Amino acid sequence: MILEFKNIDTHYGDLHVLKQVNYTIGDGEIVSLLGGNASGKSTTMKTIMGVVRPTRGSVVYQGQAIERMPTAERVRRGIAPVLEARRLFPRMTVFENLEMGAYLRKRGPEFDQDLERVYALFPRVKERRNQIAGTLSGGEQQMVAMGRALMARPKLLCMDEPSMGLSPIYVEQVFDIIQEINKQGTTIFMVEQNANMALSIAHRAYVLQTGQVVLSGTATELRQNPLIREAYLGEMQVAV
Amino acid sequence: MTTFDLLLQQTINGLSLGAMYALLALGFTLVYGILELINFSHFNVFMVGSFVALFVLQAFGLSGQEVILTGLPLFGVLLVAFIGTMLFSGALGLAIERLCLRPLRNVKGPAAMITTIGVSYILFNVILLTIGADSKNFPNPLPVIRWKLAGATLDFRVVLIWAIALLLMAALYIFVQRSRIGKAMRATAQDAEAARMMGVEVDKVIVMAFFLGSALAGAGGLIFGLYYNFTSFIIGFTAGLRAFTAAVLGGIGNVPGAMVGGVLIGLIEAMGGQFIATAWTDVIIFSILVLVLVFKPAGLFGRIAPSKS
Ligand SMILES: Nc1ncnc2c1ncn2[C@@H]1O[C@H](COP(=O)(O)OP(=O)(O)OP(=O)(O)O)[C@@H](O)[C@H]1O
Ligand SMILES: [Mg+2]
């Protein structure tokens, strides 16, 4: 087990967003978090990263409670984010964005290795390394956002809607690469609205509804679940 | 003097003023870029800096205008004066951040900005009450060397001011572009939450912005003294407001913008004083500011923040 949420409550002021939420994420898994708009998916990610503090409950990472740990320390211990809507540093170059991903690490052979790995996964990123990040296309920016996270050499990669706003070709490419990253040994916790794609690569998934986990199970189980088929896989054309 | 000579002379003067405003504008822009805070205490960090510079020079036995230094002694005295002044001003900026602003970090609304105005007035009055209301002669150990440039005069002092300002600005620019913490400063200015999630400790970045900005303000204070041969407790407000205008003109938060804005304000001040009337300087400067902002709300080189989707 690499990460565990134990009865987590998160508030923004009076707004109660996460309600008694429990997740467990095993070493080496791809776990997907599904749910409609405003259900608390991004808040989950921010709670893991520590930019939002839970009001109750415990976040356990590698056997240690981290809910009071500063964000930088979590990053140092191997948690890295791919943020919703990419959130690159728009006026820095692609290479500088990658460097920021490795902010807490020393420059040296390991950095160079990771850079080569990122360039190998995303040849397009290598081509564009001197371009200002804000001028890249959405798909290219997503590649950089993933590359930036990999530069932290993470044990746990937290991805918030990596397919958002991408054309179908890019979506497939992104999911292929996520699987590849996972095979190379990184655990992945991934928020997705694209349930179809998410369930096709995830081992397990949770479904969040207005801050509560209403369903969880293996990807195969969830794909068979009538509620999921209806609400998230679009079989009955019901809007989420 | 012909009109051309006057233009040339005022360009020389304007560039000297501009160098000083640019150094001062950088402090506003560095802090604003990261905290979106207009730091009015910066005005009087500059003023205090000019007094610190005065004391350092006095400590070298320089008080009136009579001692002229050249060569290595001049270089040594200036080096110590600049480093001493910048370290002291930098430390003052750090103290202001730590004691007065950090406790308000998560308070919404104008509390932090009002605090900077309060700190500004405290510095102003402390200098007034301890040093007095008279302006103080600023030692000028520089040799008098003048070059003729067409019909205009170029002073050694002016060239020295340009050289020092350029050196400091180049150093700052390289620091912000190339150093690890400089990159963290830029990243934080562009997206503070994302920078945090890369492992940037935002407090350290803020401390660095205050230190660098305040140190440059100290250098500006020393340059003010060398240029005008006096200093006084009131110099912070006029120069500070013009430098702040320079930062807004260049696009607040934008480092090269602050440098260009500073030079522009210096030139406008010099030309306006020559060709219109000195008394109208502020009217001209602020009219140009209003005009620029009406047509380019983010300043000449500013960017409207990109939306996050
Ligand atoms: N910083 C904040 N301050 C106040 N409320 C917030 C903040 N961030 C999010 N919220 C609110 O918390 C709720 C959950 O937001 P969250 O971003 O976690 O949703 P989400 O599941 O990621 O939605 P989406 O699919 O639209 O990205 C929403 O109602 C949102 O308005
Ligand atoms: Mg979200």
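Me: What makes residues of chain A and chain B count as being in contact?
Reply: Contact requires heavy atoms within 4.5 Å. By that criterion, 22 residues of chain A are in contact with 22 residues of chain B. The model is predicted, so local features need pLDDT of at least 70 and side-chain atom pairs pLDDT 80 or more, whereas totals for chains, interfaces and linings use all residues. Residues are numbered from 1 along each chain as its sequence is written, chains are lettered from A in the order in which they are written, and side-chain values use heavy atoms, without hydrogens and water.

Me: How do you know how much area chain A and chain B bury between them?
Reply: Buried area is the accessible area (1.4 Å probe) that two parts lose on being put together, summed over both. For chain A and chain B this comes to about 2,300 Å², with 59% on carbon and sulfur atoms. In chain A, the residues losing the most area to chain B are A:Arg87, A:Arg91 and A:Tyr103, which together account for 32% of what that side buries.

Me: Which helices of chain A each supply at least two residues to the side that touches chain B?
Reply: They are α1 (41-49), α2 (71-76) and α3 (94-101); helices here are DSSP runs (H or I, at least four residues), numbered from the N terminus. The most comes from α3(A), with 4 residues.

Me: What makes domain 1 and domain 2 of chain A separate entries?
Reply: The bounds come from an automatic or database domain assignment, which gives domain 1 (1-78 + 155-240) and domain 2 (84-153). Their centres, taken over C-alpha atoms, are separated by 23 Å.

Me: How many salt bridges does the rule find across the interface of domain 1 and domain 2 of chain A?
Reply: The rule finds 0 salt bridges there. Between these domains about 1,600 Å² is buried, of which carbon and sulfur atoms give 65%. A:Met164, A:Tyr170 and A:Ile177 supply 29% of the area that domain 1 buries against domain 2, more than any other three residues.

Key:
A salt bridge is a side-chain nitrogen of Lys or Arg within 4 Å of a carboxyl oxygen of Asp or Glu.
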